[in-house]
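Thanks for making the time this morning.

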Amino acid sequence: TTPTPQWRPVYHFTAPKNWLNDPNGLIYLDGVYHLYYQHNPYENKWGHMSWGHATSKDLLHWKHLPIAIPEIERADTTTWIFSGSAVEDKKNTSGFGKNGKAPVVAIYTADQPKQQKESQFIAYSNDGGLTYTNYAGNPVVDVHKKDFRDPNVIWLEDKGYWLMTVALPTEHKVQFYKSSNLKEWELLSEFGNQGDTRKIWECPSLTPLYVDGDPSKKKWLLMLSSGNQDAGTGLQYFIGDFDGKTFTNANSPETQLFVDYGHTFYAAIPYNNLPAGQQMMIGWLMPFETPTYPWRGQMSIARDLALKSTQEGVRLYQQPAAVIRPLLDKLPASKKFIKQGVVVKDKLLLNAFKSNASWIKATFTPGTGEEFGFILAGTTVGYNVKNSELFIRHISGDVEKVKVQSVKSLEILLDKSSLEVFANDGEKVLTTLVFPEKNNTELAVFGNVVVDKLSVWDLQ
Ligand code: FRU
């Protein structure tokens with residue numbers, strides 16, 4: 001309960017106060033990015049789950065808004081508002097619209113702990129997503145189970161219906177449902193018991209993407225959260241085809257693919273309703289370690305999603321959202337350090353910035369050393385040439401790592417207590433949390449390397 005301002009991120013989202021977990025209902029409406037999130041309005045720990053709410057025009061500056069969907073307390077039942085999604089019902093298929101204005105509809109899991117039950121509810125908004133009214137006919141999907149959650153809904157333009165992807169966590173399955181009005185849902189198919197089944201499956205989403213940006217090569221990205229610190233990774237994905245009814249995995253059932261190889265990235269879902277061509281997600285950085293106060297939990301940077309052909313097949317690439325980049329360029333000269341051909345022997349201190357809120361981009365010509373990379377507030381982010389491993393070495397000595405054939409570029413986002421590392425323009429990603437001492441603000445390049453281009457932006 002000692003305040004920890006030194007660990008509150010400045011360009012990653014945190015609740016003004018108290019606990020936060022999964023991003024919910026990510027939706028772009030009239031030039032504004034909405035972020036709803038799992039929130040405990042009363043305590044700095046999980047509980048009283050409600051949908052907190054914030055909006056942003058640039059994905060860096062967020063405006064805090066009142067709770068959008070609060071828990072429902074009745075004598076016999078408590079209903080917690082678990083994770084879900086939001087859609088703009090442009091054709092008013094639900095009939096919830098008013099005065100010719102499209103309603104925003106939230107589709108979420110109603111968790112009823114006393115009844116040990118989870119079912120899917122909907123709620124609608126006629127004020128652009130600020131306040132919601134729960135539908136009188138809830139639940140809209142109920143299979144009478146304790147674990148059945150996290151509906152993610154998209155509009156299938158070519159089919160003309162809504163598609164819901166929802167998890168049966170303990171059965172390692174997702175189900176697909178369709179609807180013409182968001183109220184009545186019909187089961188289409190199930191997919192599961194493939195990939196990584198070490199942990200329960202939560203927060204699924206299905207997203208169409210063009211491979212290598214080519215509209216004639218559409219594939220579907222099925223992401224889902226499964227795992228925690230023991231499992232090592234949190235978010236896995238499958239690539240495949242979807243015919244409007246069934247998802248077919250393009251890889252063998254044994255293939256395990258992960259969105260992020262750090263211990264922290266979880267419950268990410270894509271944005272709905274984005275302008276054509278933009279595909280983006282936000283994830284939650286699970287606060288396993290040191291408790292922060294008076295807030296706990298933060299979101300990742302918004303990440304663009306892309307599918308690329310590789311030697312192993314089609315794979316997911318992620319980069320910090322392109323819409324953020326112009327903001328970096330606009331920073332004043334005193335907040336930027338941009339240099340070409342930086343020759344590093346052993347260690348080069350970058351003393352200009354001491355805020356622990358930096359955004360770094362570097363392209364390398366590897367030299368003779370075994371390891372090269374950055375030291376950020378005591379944590380080492382580097383590439384081990386001999387083992388072909390991208391790694392984060394914590395002050396404690398703990399290491400998070402992933403195999404990468406060679407590292408030519410690194411993009412590193414350090415924001416007080418979060419660290420996101422993108423290698424080779426998003427080929428592999430490692431995300432973690434760090435809790436440096438207040439006076440530990442060292443920023444350095446290490447190794448025997450040439451940094452062909454080094455850019456550091458100070459976002460304090
Ligand atoms: C994932 C999760 C979801 C659930 C929510 C509850 O972190 O467990 O499955 O809807 O959190 O807060």
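I will go from the domains to the ligand, then to the sheets, and finish with some backbone details.

Please keep in mind that this is a predicted model.

UniProt, in an unreviewed entry, lists residues 343-458 as "domain: Glycosyl hydrolase family 32 C-terminal". In the model, that span is 63% strand and 0% helix, and its end C-alpha atoms lie 22 Å apart.

Now the ligand. Which residues surround the ligand? The list is Asn21, Asp22, Gln38, Met49, Phe82, Ser83, Thr109, Arg149, Asp150, Glu202, Cys203 and Ala267. Sorted by class, this shell has four nonpolar, four polar and four charged residues. Four strands supply at least two shell residues each: S1 (18-29), S6 (78-88), S11 (149-156) and S15 (202-210).

S1 belongs to an open sheet of five strands, in the order S4-S3-S2-S1-S21, with mixed pairing. Strand S4 (63-69) and strand S21 (295-296) are at the edges; each has a single partner strand, so one side of each has no neighbour in the sheet. Inside this sheet, strand S2, residues 32-39, pairs with strand S3, residues 50-56, in the antiparallel sense over seven bridges. If you want a landmark there, tyrosine 36 stands opposite histidine 53 in S3.

S15 takes us to the other sheet. It is an open sheet of four strands, ordered S15-S16-S17-S18, and the pairing is antiparallel. Here S15 and strand S18 (247-249) are the edge strands with a single partner each, so again one side of each is left without a neighbour in the sheet. From one strand to the next, the twist averages 40°.

Going through the pairs, strand S16, residues 218-225, runs antiparallel to S17 and is joined to it by six bridges. Methionine 223 stands opposite tyrosine 237 in S17. S17, residues 235-242, is joined to S18 by three bridges, and these two also run antiparallel. Aspartate 241 has threonine 248 in S18 as its bridge partner, and glycine 240 stands opposite asparagine 249 in S18. S17 and S18 make a hairpin with four residues between them, and in its turn glycine 244 has a positive phi of about 95°.

Strand S27, residues 371-376, and strand S28, residues 379-384, pair antiparallel over six bridges. Phenylalanine 372 stands opposite tyrosine 383 in S28. How many residues lie between the strands in the hairpin of S27 and S28? There are two, and alanine 377 in this hairpin takes a positive phi near 50°. S27 also runs antiparallel to strand S34, residues 443-458, with four bridges joining them. On that side, phenylalanine 374 stands opposite valine 445 in S34.

Last, the backbone details. A cis peptide bond joins asparagine 138 and proline 139, with omega about 0°. Proline 139 is in the loop between strand S9 (133-134) and strand S10 (141-145). A cis bond also joins tyrosine 293 and proline 294, with omega about 5°. Proline 294 is in the loop between strand S20 (280-285) and S21, and S21 is one of the edge strands of the five-stranded sheet I described.

There is also asparagine 18, which has a positive phi of about 75° although it is not a glycine. Asparagine 18 is in strand S1, and S1 is one of the strands that supply at least two residues of the ligand shell.

That is what I had to show.

Methods:
Residues are numbered from 1 along each chain as its sequence is written. This is a predicted model: local features need pLDDT of at least 70, side-chain atom pairs count only at pLDDT 80 or more; totals for chains, interfaces and linings use all residues. A residue is near a molecule or strand if its C-beta atom, placed from the backbone, lies within 6 Å of it. Ala, Val, Leu, Ile, Met, Phe, Trp, Tyr, Cys and Pro count as nonpolar, Asp, Glu, Lys and Arg as charged, and the others, Gly among them, as polar. Two strands pair if DSSP finds at least two bridges between them. UniProt positions are given in the numbering used here, feature names are shortened, and annotations may be inferred rather than shown by experiment. Axes are lines fitted to C-alpha atoms, for helices over the stretch in contact, and angles run from 0 to 180 degrees between N-to-C directions.
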